[in-house]
Amino acid sequence: MRDDELFSFEDARQRLGESFDPLPVPAIPPADPDLDRVVVELRRLRDASAALAMSEVELGDIADRLGEVASLLESRVAGPADRLETMWKGAGTRRSNPVSGPENPIAPPVDFVGCDDGSVMATVTLGPAYQGPPGCVHGGISALIIDHMMGLANHWGGRYGMTAHYELDYRSPTPLLQPLTFRCWVHEVDGRKTWTHGTIHAGDRLCVEARGLFLEASVPVPGQPGTRSTVADGSQ
Ligand SMILES: CCCCCCCCCCCCCC(=O)SCCNC(=O)CCNC(=O)[C@H](O)C(C)(C)COP(=O)(O)OP(=O)(O)OC[C@H]1O[C@@H](n2cnc3c(N)ncnc32)[C@H](O)[C@@H]1OP(=O)(O)O
């Protein structure tokens, strides 16, 4: 089988046949608007600090003022264990995950769309905070985003599971500061196993292709003794 056949959506859809049973990819519900604003401002700081020139800029005053704000924020923070619990309440990790979560400053963020062909798509432009090779996206960042998107694609295809095996081929450099198209879709299912594929393109150029094996599994939920959650189920 050639690579371009392996990564065909129509092929995936035909393989899945009647087991293709899309679930909605729901919008992330609003929570505390001020918390979301805090994260928006933190992302501005992230992007501005990643783009700072190395010289000729007086930063001492800014560092002092940021330190004051950081101390203020720290004074409002519950312990990390408490946070692990609240991450699983309400919208769960849809609000806090490191790829699309509006409560997570390290999320670029990436916004997803569920498509009629069974794939999940996103277009995102990544800045210097995500650099690996010169002018290019860090390979681990590509891997993070696709792994998460595969979880969404599984959900969109009526499946769920923990990543058991995951592999990527970096086919060509993935540029920063240009729109990138991410696409993931369920390729094949067999009992508890779901094989999911994904790509990143810059324009028409293939940058990354990925394959993951996901296994249905349940994990204990922090702060909810006796409760187990399927990864990527509706509670996320
Ligand atoms: C609501 C809106 C939507 C929300 C969506 C949110 C999306 C969020 C998405 C977030 C996504 C983020 C994603 C993340 O970050 S997921 C986090 C990263 N993943 C993990 O931490 C998983 C850690 N691993 C485990 O917990 C276990 O190993 C699991 C549960 C996966 C399997 O342990 P379990 O004890 O259950 O299984 P088994 O050992 O009996 O094996 C069963 C079968 O599987 C085959 N096998 C096993 N391993 C491998 C392997 N590596 N390669 C090839 N095959 C493998 C094995 O041969 C056997 O085959 P067979 O003999 O039956 O034929």
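The structure is a predicted model, in which local features need pLDDT of at least 70 and side-chain atom pairs count only at pLDDT 80 or more, while totals for chains, interfaces and linings use all residues. Residues are numbered from 1 along each chain as its sequence is written.

Let us start with the layout. The chain holds six helices and eight strands, where helices (H or I, at least four residues) and strands (E, at least two) are DSSP runs numbered from the N terminus. Read from the N terminus, the order of elements is α-α-α-α-α-β-β-α-β-β-β-β-β-β. Contacts here are pairs of residues whose C-beta atoms, placed from the backbone, lie within 7 Å. Of the contacts with a separation of 6 or more, 68% link residues 24 or more positions apart.

One stretch comes with an annotation. An unreviewed UniProt entry lists residues 135-205 as "domain: Thioesterase"; UniProt positions are given in the numbering used here, feature names are shortened, and annotations may be inferred rather than shown by experiment. Over residues 135-205 the chain is 25% helix and 44% strand, with 16 Å between the end C-alpha atoms.

Strands count as paired if DSSP finds at least two bridges between them. E4 runs antiparallel to E5 (residues 193-202), and nine bridges join them. Val189, for instance, has Thr194 of E5 as its bridge partner. Two residues separate these strands in a hairpin, and Gly191 in the turn has a positive phi of about 60°.

Now turn to the interior. Buried residues (20 or more other C-beta atoms within 10 Å of their own, C-beta atoms being placed from the backbone) make up 28% of the 236 residues in the chain. A nonpolar core is a set of buried Ala, Val, Leu, Ile, Met, Phe, Trp, Tyr and Cys residues joined through C-beta atoms within 7 Å. The largest such core has 26 residues, and those touching the most other members are Val120, Ile146, Met149, Ala153, Phe182 and Cys184. Strand E2 (120-124), helix H6 (139-156), strand E4 (180-190) and strand E6 (205-215) each supply at least two of its residues, and the largest share, seven residues, comes from H6.

Leaving aside residues up to four places away in sequence, Cys184 touches Ser119, Val120, Ile146, Met149, Met150, Ala153, Thr196, His197 and Gly198.

Definitions and conventions:
A residue is buried if 20 or more other C-beta atoms lie within 10 Å of its own, exposed if 12 or fewer, and partly exposed in between; C-beta atoms are placed from the backbone. Two residues are in contact if their C-beta atoms, placed from the backbone, lie within 7 Å.
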